[in-house]
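Thanks for coming. I'll go through one structure today, from the whole chain down to a few residues.

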Amino acid sequence: MTQPELTPAQRTEVELLARGRADKSRTLRDLSLPETPEAAHALLLRLGVWDEARTPYADRLRAALSAVELPVPDFDPEEPRLDLTHLPTFAIDDEGNQDPDDAVGVEALEGGLTRLWVHVADVAALVAPGSPLDLEARARGATLYLPDRTIGMLPDELVQKAGLGLSETSPALSICLDLDEDGNAEAVDVRLTRVKVQRLAYQEAQARLEAGEEPFVTLARLARASRLLREGEGALSIDLPEVRVKADDTGASVFPLPKPEMRTVVQECMTLAGWGTAIFADDNDLPLPFATQDYPTREVAGDTLPAMWARRKTLARTRFQPSPGPHHGMGLDLYAQATSPMRRYLDLVVHQQLRAFLAGRDPPEQQGHGRPHRRVATQRRRHAAGRAPQPPPPHPALYRCSARARVGRGGGGPPGGAGHAADSRPRLRRADEHARRSRHRAAGAICRYRPAANAGAGAQRLTLSASESTAGHFALNGKKMTF
């Protein structure tokens with residue numbers, strides 16, 4: 001079959017349709033072809049006008065395909081930060097990673113506790129709410145990863161300034177959790193820190209784990225215990241292959257990613273950091289875009305690859321709301337995404353809110369070798385199913401509320417009252433505040449939580465309509481955003 005020859009005008013017309021920038025094409029109609037972007041793309045490939053490395057999909061979605069070209073401020077060298085450069089800290093990523101935004105480390109405490117440190121690049125120190133950088137990141141929503149290129153949500157210059165391990169020392173926003181041997185959290189805290197980070201690939205970290213080196217052995221132990229507890233609370237186990245796709249002038253390649261244990265260890269540490277961030281925000285009445293997820297639509301048995309895919313399809317869509325709620329897929333009573341502020345805008349919002357709150361604190365202590373400036377007001381413990389919780393110390397202004405009761409009813413009761421479950425995680429909540437939030441949820445009203453009095457001038461107002469939450473609508477300072 002003879003292939004048609006396109007004039008320059010016809011080629012432009014077909015390319016516009018292939019890119020989703022036009023709705024019709026007389027050329028395709030004259031050739032008796034469907035007037036669709038897919039048909040236009042196929043014709044351009046068939047004629048050799050485009051090669052297989054050309055990917056029009058992001059263009060069809062009107063995604064920004066140019067790099068961000070905006071000035072990036074410097075870190076304030078006078079900003080008080082807790083010095084943790086004495087603690088071994090590691091950023092563990094895939095080989096070739098160009099934007100290291102998280103790192104992990106541990107610190108031994110008295111009484112058999114271990115402090116897990118999850119350090120995250122302090123992007124919010126350079127991206128103030130409402131600044132040109134913030135508005136550009138908000139418009140993009142996330143870093144775009146394509147087979148042939150990566151388009152950052154933020155400028156490359158910011159990555160070089162804020163990336164962990166790209167300088168001798170790195171400013172960080174750090175989440176710490178004091179964990180016992182069973183993975184129970186005694187306390188959480190959030191600090192502005194300075195860390196000295198060593199970068200490793202997963203395979204390098206795995207070799208050091210198998211050699212019995214610290215802190216990798218301790219990190220793996222904490223991760224296993226945490227995973228066991230979350231599975232006891234209903235977390236789903238989904239093990240699917242992970243690949244990296246690359247495309248260039250020579251064609252496309254698909255590389256399977258190795259899955260050493262250290263990959264799951266780092267993932268579990270990030271999950272703990274999100275859980276700890278949500279606890280910290282909830283205890284301090286700080287509005288965040290909390291991530292929630294309903295129960296799976298059905299149960300799927302088996303460990304085969306088809307069973308894993310089927311189980312993945314049962315997951316409900318993640319919803320974001322300014323008040324905490326359960327994330328059933330992870331087996332957590334509350335959760336917030338907080339470890340990728342370079343790549344996800346809502347993670348950046350979390351960091352901006354945390355920094356606004358921390359601005360109301362006293363300067364961090366420089367002594368104590370990483371001792372938290374302040375323990376959270378509540379003591380949190382997680383318990384595997386069937387294990388009786390230990391009550392927290394009594395307090396006249398606080399009462400213990402069943403997380404499981406809150407999952408099922410959107411509220412709870414005082415100890416011994418209706419809805420108290422013996423195998424649930426004990427939580428502490430101010431009674432009047434809990435009742436107020438429960439009334440809002442029960443009525444399906446729009447949740448409006450302003451920053452706490454000590455949250456700092458930079459904290460933002462977050463709103464979410466309960467009727468819109470499933471659709472992923474989120475309002476930031478009155479502006480509606482969709483995810």
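How much accessible surface does the chain have, and what share of it belongs to carbon and sulfur atoms? The accessible surface is about 22,800 Å², and carbon and sulfur atoms hold 51% of it. Keep in mind that this is a predicted model.

The secondary structure consists of 13 helices and 19 strands. On contacts, take those with a separation of 6 or more: 68% of them are between residues 24 or more positions apart.

Helix α9 runs over residues 261-283, which is 23 residues. From its first C-alpha to its last it reaches 33 Å, close to the 33 Å expected at 1.5 Å a residue. Is α9 enclosed by the rest of the structure or open? It is largely enclosed, because 20 of its 23 residues are buried. Buried here means under 20% relative accessible area. Just after α9 comes D285, with a positive phi of about 55°.

Which residues make the nonpolar patch of about 240 Å²? They are V243, V245 and V254. V243 belongs to strand β10, residues 243-248. Its relative accessible area is 45%. The cut-offs are under 20% for buried and over 50% for exposed, so V243 counts as partly exposed. A patch residue needs over 30% relative accessible area, and V243, at 45%, is above that.

That's what I have; I'll take questions.

Methods: Residues numbered from 1 in each chain as written. Predicted model: local features only at pLDDT ≥ 70, side-chain atom pairs only at ≥ 80, totals over all residues. Heavy atoms only, no water. Patch = residues over 30% accessible without salt bridge, like charges linked within 9 Å, V, L, I, M, F, W, Y side chains within 5 Å. Areas by Shrake-Rupley, 256 points an atom, 1.4 Å probe, with all protein chains shown as cover. Salt bridge = Lys/Arg side-chain N within 4 Å of Asp/Glu carboxyl O. Helix = DSSP H or I, 4+ residues; strand = E, 2+ residues; numbered from the N terminus. Buried < 20%, exposed > 50% of the residue type's maximum accessible area, 1.4 Å probe, protein only. Expected span 1.5 Å × (residues − 1). Contact = heavy atoms within 4.5 Å.
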